[in-house]
Amino acid sequence: MVALAAALQPAAAADLPVAYRAPQSYVIFTWTGFYFGAHGGGGWGRKDETIAPFVFGGALVGPPGTNVDISGGLAGGQIGANYQAGSWVFGVEADASWADLTGNTACASGIVGVAANCRAKVDALGTFAGRLGFALDRVLLYGKGGTAFANDKYELNSIAAYRSNETRWGWMAGAGIEYSFTDNWSAKFEYNYLDFGTRAVRFTDTTGTFVLDTNIRERIHVAKAGINYRFGWAPVGVTY
């Protein structure tokens with residue numbers, strides 16, 4: 001009897017039902033996709049102005065250099081795209097802002113006994129940049145670099161009122177952190193440094209008769225917070 005039971009035992013074990021485990025699905029978050037959004041913040045910077053010597057009353061005169069500090073608010077939008085490979089995120093982004101970065105200061109006219117006031121304003125700026133980031137799931141740390149532009153207006157008020165405006169191009173570098181609080185929406189904080197170098201700017205009086213040639217060096221710092229919406233995007237689904 002014992003031998004018979006031992007012979008039947010393997011067959012009985014083979015007839016037992018096998019436990020079934022349903023496939024498990026996991027969603028892996030990715031930063032890959034296109035996005036657009038809005039931002040707001042503030043900026044500050046300096047314009048170093050040096051007026052070239054000019055003739056007044058038969059004498060060659062020229063004021064010393066003047067530094068105009070500017071600051072104010074800005075608001076605008078951005079559009080871009082990301083591609084994630086492992087933990088690295090590669091991207092491009094363009095942004096533009098309306099700005100009200102202004103400053104004015106008393107400045108020398110170059111003529112003894114004659115005062116002057118120098119005023120500067122940046123009313124728009126933007127950047128075109130590449131981004132490189134490192135993703136920690138829904139947190140993205142990134143740096144960026146590229147080109148920048150600023151629309152500038154200047155005034156010098158003394159014996160005559162002189163005006164000038166220009167769109168200036170330079171380079172930019174920045175860094176930021178972004179957090180995706182839903183699958184499609186994310187918020188970010190970012191700092192940018194914009195350097196527009198030194199270039200000659202020509203001022204004209206209100207009659208267009210007299211001109212002043214001025215060398216102006218410009219640097220701007222920007223701190224801003226923004227929100228983005230990603231589209232054409234879906235999480236990666238993995239089934240085990």
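Analyst: Happy to. Strand 6 (88-108) and strand 7 (115-136) each supply at least two residues of the nonpolar patch, and strand 7 gives the largest share, 3 residues. Please keep in mind that this is a predicted model.

User: Which residues form that nonpolar patch on the surface?

Analyst: The members are Tyr 83, Trp 88, Phe 90, Leu 132, Phe 134, Leu 136, Leu 141, Ile 177 and Phe 189, and together they have about 900 Å² of accessible area.

User: What makes Leu 132 count as partly exposed?

Analyst: Partly exposed is the band between under 20% (buried) and over 50% (exposed). Leu 132 has a relative accessibility of 42%, so it falls in that band. A patch member needs over 30% relative accessible area, so the 42% of Leu 132 also passes that cut-off. Leu 132 lies in strand 7.

User: And how do you know whether Asp 137 is buried or exposed?

Analyst: The cut-off for exposed is over 50%. Asp 137 has a relative accessible area of 53%, so it is exposed. Asp 137 sits in the loop between strand 7 and strand 8, and its phi is positive, about 60 degrees, although it is not a glycine.

User: Let's go inside. Which residues touch the most other members of the largest nonpolar core?

Analyst: That core has 26 residues, and Ile 70, Leu 101, Val 122, Leu 194, Phe 203 and Ile 220 touch the most other members. At least two residues each come from strand 5 (66-85), strand 6, strand 7, strand 8 (139-157), strand 9 (161-180), strand 10 (185-205) and strand 11 (211-231). Strand 7 supplies the largest share of this core, 6 residues. There is also a second, separate core of 6 residues, which includes Phe 29, Val 89, Ala 135 and Tyr 142. As background, nonpolar side chains in soluble globular proteins tend to be buried together.

User: Why is the pair Arg 168 and Glu 218 called a salt bridge?

Analyst: The label needs a side-chain nitrogen of Lys or Arg within 4 Å of a carboxyl oxygen of Asp or Glu. For Arg 168 and Glu 218 the N to O distance is 3.5 Å, so the pair qualifies. Arg 168 is in strand 9 and Glu 218 in strand 11, 50 residues apart, and the pair links these distant parts of the chain.

User: Are Arg 168 and Glu 218 buried or exposed?

Analyst: Buried means under 20%. Arg 168 has a relative accessible area of 0%, so it is buried. Glu 218, also at 0%, counts as buried too. The side chain of Glu 218 also makes a polar contact of 2.9 Å with that of Lys 47. Apart from residues up to four places away in sequence, Glu 218 touches several others, including Val 122, Tyr 154 and Leu 194.

User: What makes Lys 144 and Asp 95 a salt bridge?

Analyst: Their closest N and O atoms are 3.9 Å apart, so they meet the 4 Å cut-off. Lys 144 lies in strand 8 and Asp 95 in strand 6, so the pair ties together parts that are 49 residues apart in sequence. Lys 144 has a relative accessible area of 5%, so it is buried, and Asp 95 is also buried at 5%. Both residues belong to a network of salt bridges whose members include Glu 93, Arg 131 and Glu 178.

User: How many salt bridges are found in the whole structure?

Analyst: The search finds 21. One more example is Lys 153 with Asp 123, where the closest N and O atoms are 3.4 Å apart. Lys 153 is in strand 8 and Asp 123 in strand 7, 30 residues apart. Lys 153 is partly exposed at 42%, whereas Asp 123 counts as buried at 17%.

Definitions and conventions:
Residues numbered from 1 in each chain as written. Predicted model: local features only at pLDDT ≥ 70, side-chain atom pairs only at ≥ 80, totals over all residues. Heavy atoms only, no water. Patch = residues over 30% accessible without salt bridge, like charges linked within 9 Å, V, L, I, M, F, W, Y side chains within 5 Å. Areas by Shrake-Rupley, 256 points an atom, 1.4 Å probe, with all protein chains shown as cover. Helix = DSSP H or I, 4+ residues; strand = E, 2+ residues; numbered from the N terminus. Buried < 20%, exposed > 50% of the residue type's maximum accessible area, 1.4 Å probe, protein only. Core = buried A, V, L, I, M, F, W, Y, C linked by side-chain atoms within 4.5 Å. Polar contact = N/O pair within 3.5 Å; in protein donor to acceptor, adjacent residues only side chain to side chain. Contact = heavy atoms within 4.5 Å.
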